[in-house]
Amino acid sequence: MSRNRLMLVLAAVAALAVAAGGFFLGVQPQLDRAAAAKSEAQNISSSNATTRTEIARLREQAKSLPKMRAELAALRSSVPSSAAASSFISQLNATADATGVKVATITLGDAAAYTPPVVTTPATGTATDGASATATPTPTPSATPSAPAAPTTTTDSSITAENFSVIPVSISVNGEFAQALSFVKGVQSNPRLFLIDSISSSIASAGSADAASGADSPSWTFTGSIYVLTDTTADAPAKG
């Protein structure tokens, strides 16, 4: 190989080396940065899409915010954070006036801490002493109907004796059956929740003091409970 040709080969090799060095030192880092920028842009685009979806969901929820506020206000009126006895009695008197009954007595007891009900599982019958279970005969149409199953007991761990209390209530009114029925419906529709669990009635007998005074209409006594839910976190003193 002549000297000139060798020089040309060496020059070509040097040029290739320079080009390769320029690629790895200049072009490759640019390509890596471009790839990283593209990946970051895709991540940002995906994050923006997620954000837009969340914003759309919040906008839909915001449309129902007035309704939810109204429901919350109704619930707070139903079970307030204090006894509010005067307001409750006013509701009872207003309902009595509207339904035509005459209030005889209204008694509110002392508030008692709530006691969660005990959740029990109904026992199932099993055969014992190795004997096989006897099939229960199919009841005939004339058979006495069985008692209805007990309702399922539901509890909530957020309702405790510390934040929930029960106030016993007893109210006696005078009026006819239809009026008493309307009164019960009315108090059950009032803003304050009044759970009636017992109803009794009586009629003044002839010759009694009530009959002599003209109070000969039936007397109805309704007993039950109202409730108070206190936000203990709001009442707790701030720590300095």
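User: In which sense do β3 and β5 pair, and over how many bridges?

Analyst: Please keep in mind that this is a predicted model. Strands are taken as paired if at least two bridges are found between them, and here β3 and β5 pair in the antiparallel sense over 11 bridges.

User: How many residues of β5 are buried?

Analyst: A residue is called buried when its relative accessible area is under 20%. By that criterion 8 of the 11 residues of β5 are buried, so the strand is largely enclosed by the rest of the structure. For the protein as a whole, 17% of the 240 residues count as buried.

User: How should I read a helix, and which residues of α3 are buried?

Analyst: Helix α3 (residues 85-99) has 15 residues and reaches 21 Å from its first C-alpha to its last, close to the 21 Å expected at 1.5 Å a residue. Its buried residues are F88, Q91, L92, T95, A96 and T99. Seen down the axis of α3, these buried residues fall within an arc of 135°, so they line one face of the helix. On the other side of α3, S86, D97 and A98 are exposed. The buried residues of α3 pack against β1 (102-108), β3 (164-174), α4 (177-189) and β5 (219-229), and just after the helix G100 takes a positive phi of about 90°.

User: Which residues are buried in α4, and which elements do they pack against?

Analyst: The 13 residues of α4 should span 18 Å at 1.5 Å a residue, and its end C-alpha atoms are 18 Å apart, which agrees. In α4, the buried residues are A180, F183, V184, G186 and V187. They cover an arc of only 165° around the axis, which puts them on the same side of α4. The face turned away from that buried side carries the exposed residues F177, A178, K185 and S189, while the buried residues pack against α3, β3, β4 and β5.

User: What does N190 contact, leaving aside its neighbours within four places in sequence?

Analyst: A loop residue can be read in the same terms, by its place, its accessibility and its contacts. N190 lies in the loop between α4 and β4, and at 19% relative accessibility it counts as buried. With those sequence neighbours left aside, N190 is in contact with Q91 and T95, both of which are among the buried residues of α3.

User: Which residues of the largest nonpolar core touch the most other members?

Analyst: In soluble globular proteins, nonpolar side chains tend to be buried together. Here the largest nonpolar core has 18 residues, of which L92, I171, V173, F183, F194 and F222 touch the most other members. The elements that give two or more residues to this core are α3, β3, α4 and β5. Leaving aside its neighbours within four places in sequence, F222 is in contact with residues that include V169, I171, V173, A180, F183, V184 and I196. A second, separate core of 5 residues includes V79, Y114, F164 and Y227.

User: How many salt bridges are there, and where do their residues lie?

Analyst: A search of the whole structure finds 2. The side chains of E54 and R57 meet in one of them, at 2.4 Å from N to O, and both residues lie in helix α1 (residues 3-63), 3 residues apart, about one turn of the helix. E54 is partly exposed, with a relative accessible area of 34%, as is R57, with 40%. K63 forms a salt bridge with E60, their closest N and O atoms being 3.1 Å apart, and this pair too is 3 residues apart in helix α1. K63 counts as exposed at 63% relative accessibility, whereas E60, at 49%, counts as partly exposed.

Technical notes: Residues numbered from 1 in each chain as written. Predicted model: local features only at pLDDT ≥ 70, side-chain atom pairs only at ≥ 80, totals over all residues. Heavy atoms only, no water. Helix = DSSP H or I, 4+ residues; strand = E, 2+ residues; numbered from the N terminus. Expected span 1.5 Å × (residues − 1). Buried < 20%, exposed > 50% of the residue type's maximum accessible area, 1.4 Å probe, protein only. Arc of directions from axis to C-beta. Contact = heavy atoms within 4.5 Å. Salt bridge = Lys/Arg side-chain N within 4 Å of Asp/Glu carboxyl O. Core = buried A, V, L, I, M, F, W, Y, C linked by side-chain atoms within 4.5 Å.
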